[in-house]
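Look through the sequence and the 3D structure first. Then use the briefing below to find your way around.

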Amino acid sequence: MRIIVQKFGGTSVATAEGRQMVREKVKQALVSGFKPVVVVSAMGRRNDPYATDTMIELLKKENATPNKHELDFMMCCGEMLSAAVMAAGLQQDGLRAMALTGGQAGIITDDSFGTARILKIDTKNLMQLVSSGVIPVVCGFQGRTEDGLHLTTLGRGGSDTTGAALGAALNAELVEIYTDVDGIMTADPRMVDSAQILDKISYGEICQLAQQGAKVIHPRAVEIAMQKNIPMVVKSTFSDAPGTLISNVRDDGGDALIADRIAAGVTYLQSLAQVMVPLKAEDQQGSVTIFQAMADKEISVDCLNVQPEAVRFTVAEPDADAAGAVLTGLGYAPVVTKRCAKVTVVGGGMREVPGVMATFVSALANQEIAIFQTVDSNTSISAIIAQERLCDAVRSLHAGFALEKSAQPSLE
Ligand code: ADP
Ligand code: MG
């Protein structure tokens with residue numbers, strides 16, 4: 001059985017026109033000989049009447065601090081409305097479709113409300129439906145606990161995770177992530193006009209891009225698909241563009257990796273604060289004390305840089321004051337710089353290529369953007385900069401790494 005999982009995001013299902021396009025995509029999959037399993041997000045984004053944020057507001061008007069059970073219960077409603085509407089639409093077209101909650105679709109999670117992890121997927125119901133010619137329309141972003149007592153939600157980007165996890169559990173031939181852009185781009189098109197669609201990207205590259213801020217797909221979804229080597233395609237509900245294939249394998253049938261380009265894209269994270277803590281020479285255990293203190297306060301740290309004379313790291317801006325206070329309490333004199341951002345260039349083939357760091361720093365220097373700190377991995381370089389220079393930095397790096405539409409591809 002050739003199963004395809006088709007996940008449709010909030011903007012795809014928000015309007016009647018969008019849902020009409022969704023129905024067409026499902027029909028195309030049928031015509032191509034696939035058995036579709038549809039996953040839907042809630043309809044629309046913040047401020048839309050049936051969006052998840054709207055549901056939360058309704059609940060919090062009644063009680064600002066509801067129990068976690070009711071909060072997740074409420075957060076499951078948006079997808080339920082969406083799945084019912086979508087299944088009814090497909091039925092209107094003469095197809096056999098059935099709306100299912102995450103739990104009815106067999107998605108079993110732990111009980112970490114709001115950020116639940118999928119423990120297993122019991123595919124019995126889905127397999128029965130699919131093999132009898134019914135199109136399941138599954139609520140994204142949700143599951144249920146093993147004992148069936150609680151509905152749970154999977155956290156930000158959760159519907160992508162549902163799509164990938166169902167794809168893996170059902171051994172799907174392909175997982176399609178439908179959204180409002182034509183594919184994964186070299187930068188966020190809302191910031192960079194000249195961003196272009198990538199026709200292919202490796203699991204590793206998109207995982208890094210997503211972790212470093214690119215909102216187009218959730219990194220957890222990519223990890224799940226990667227584990228079972230299930231190809232994913234990110235594409236638009238509103239066009240016939242082929243989209244971006246996420247896979248490690250080239251078209252030529254060989255097993256060569258596609259991740260050999262210096263730069264695949266530029267991405268960013270905002271609302272960070274940099275913490276710099278000067279160390280005294282006699283304080284040899286300083287970095288241990290500092291990071292243990294952050295851990296004890298449950299403050300996540302990133303971009304760690306430890307040197308004999310100072311420790312530097314970043315925290316989410318809302319944690320900045322708490323981090324500063326804890327360190328001051330321990331007798332340090334931290335310098336906390338708020339309103340920072342992190343810009344990152346990702347490229348599967350940048351390791352050991354001479355001149356990559358030079359290209360990176362000169363792109364920022366050209367715009368007179370001060371670098372507070374850099375961090376790099378085999379496949380990425382990041383800089384911490386002032387948030388007010390973020391747009392200039394992203395655009396300059398995008399141009400500097402020849403990612404613009406008109407530019408020549410940097411490799412191949
Ligand atoms: P959905 O509701 O379909 O899940 P999202 O808003 O989660 O849609 O993701 C799509 C959005 O991601 C696009 O509208 C685009 O603005 C944004 N985006 C950020 N970075 C990128 C990128 N590198 N490539 C494509 N889109 C990106
Ligand atoms: Mg999304």
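For sorting residues by class, Ala, Val, Leu, Ile, Met, Phe, Trp, Tyr, Cys and Pro count as nonpolar, Asp, Glu, Lys and Arg as charged, and the others, Gly among them, as polar. By that scheme, the shell around ligand 1 holds 8 nonpolar, 4 polar and 6 charged residues. This is a predicted model, in which local features need pLDDT of at least 70, side-chain atom pairs count only at pLDDT 80 or more, and totals for chains, interfaces and linings use all residues. Residues are numbered from 1 along each chain as its sequence is written, chains are lettered from A and ligands numbered from 1 in the order in which they are written, and side-chain values use heavy atoms, with hydrogens and water left out.

**The ligand and its surroundings**

- There are 18 residues around ligand 1. A residue is near a molecule if one of its heavy atoms lies within 4 Å of it.
- Arg45, Thr179, Asp180, Met185 and Arg190 come nearest to ligand 1.
- A polar contact is a pair of N or O atoms within 3.5 Å; within protein, one must be able to donate a hydrogen and the other to accept it, and residues adjacent in sequence count only if both atoms are side-chain atoms.
- Thr179 places a polar side-chain atom 2.7 Å from an oxygen atom of ligand 1.
- In Lys7, a side-chain N or O atom is 3.3 Å from an oxygen atom of ligand 1.
- Lys215 uses its backbone instead: a polar atom there is 3.5 Å from an oxygen atom of ligand 1.
- On its own, ligand 1 has 570 Å² of accessible area, and the protein covers 88% of this. Accessible areas come from the Shrake-Rupley method with a 1.4 Å probe; for residues, only the protein chains shown count as cover.

**The overall fold**

- The protein has 13 helices and 18 strands. Helices (H or I, at least four residues) and strands (E, at least two) are DSSP runs, numbered from the N terminus.
- Along the principal axes, the C-alpha atoms fill a box of roughly 75 × 55 × 35 Å.
- Of the 412 residues, 49% count as buried. Buried means under 20% relative accessible area, exposed over 50%, and partly exposed in between (1.4 Å probe, protein chains only).
- The accessible surface of the protein is about 19,000 Å², and 51% of it belongs to carbon and sulfur atoms.

**Two residues with positive phi**

- Most residues other than glycine have a negative phi.
- Phe141 is not a glycine, yet its phi is positive, at about 70 degrees. Phe141 sits in the loop between strand S6 (135-139) and strand S7 (142-145).
- Is Phe141 buried or exposed? Phe141 counts as buried because its relative accessibility is 11%.
- Asn171 also has a positive phi, near 55 degrees. Its loop runs between helix H7 (158-169) and strand S9 (174-179).
- Asn171 has 55% relative accessibility, so it counts as exposed.

**Two serines**

- Ser396 lies in helix H13 (residues 390-400). Ser396 is buried, with a relative accessible area of 11%.
- A polar side-chain atom of Ser396 lies 2.6 Å from the backbone oxygen of Ala363.
- Beyond its neighbours within four places in sequence, Ser396 is in contact (heavy atoms within 4.5 Å) with Ala363 and Gln367.
- Ser377 belongs to strand S17 (residues 373-377). Ser377 is partly exposed, at 34% relative accessible area.
- Ser377 and Leu269 are 108 residues apart along the chain, and their C-alpha atoms are separated by 17 Å.
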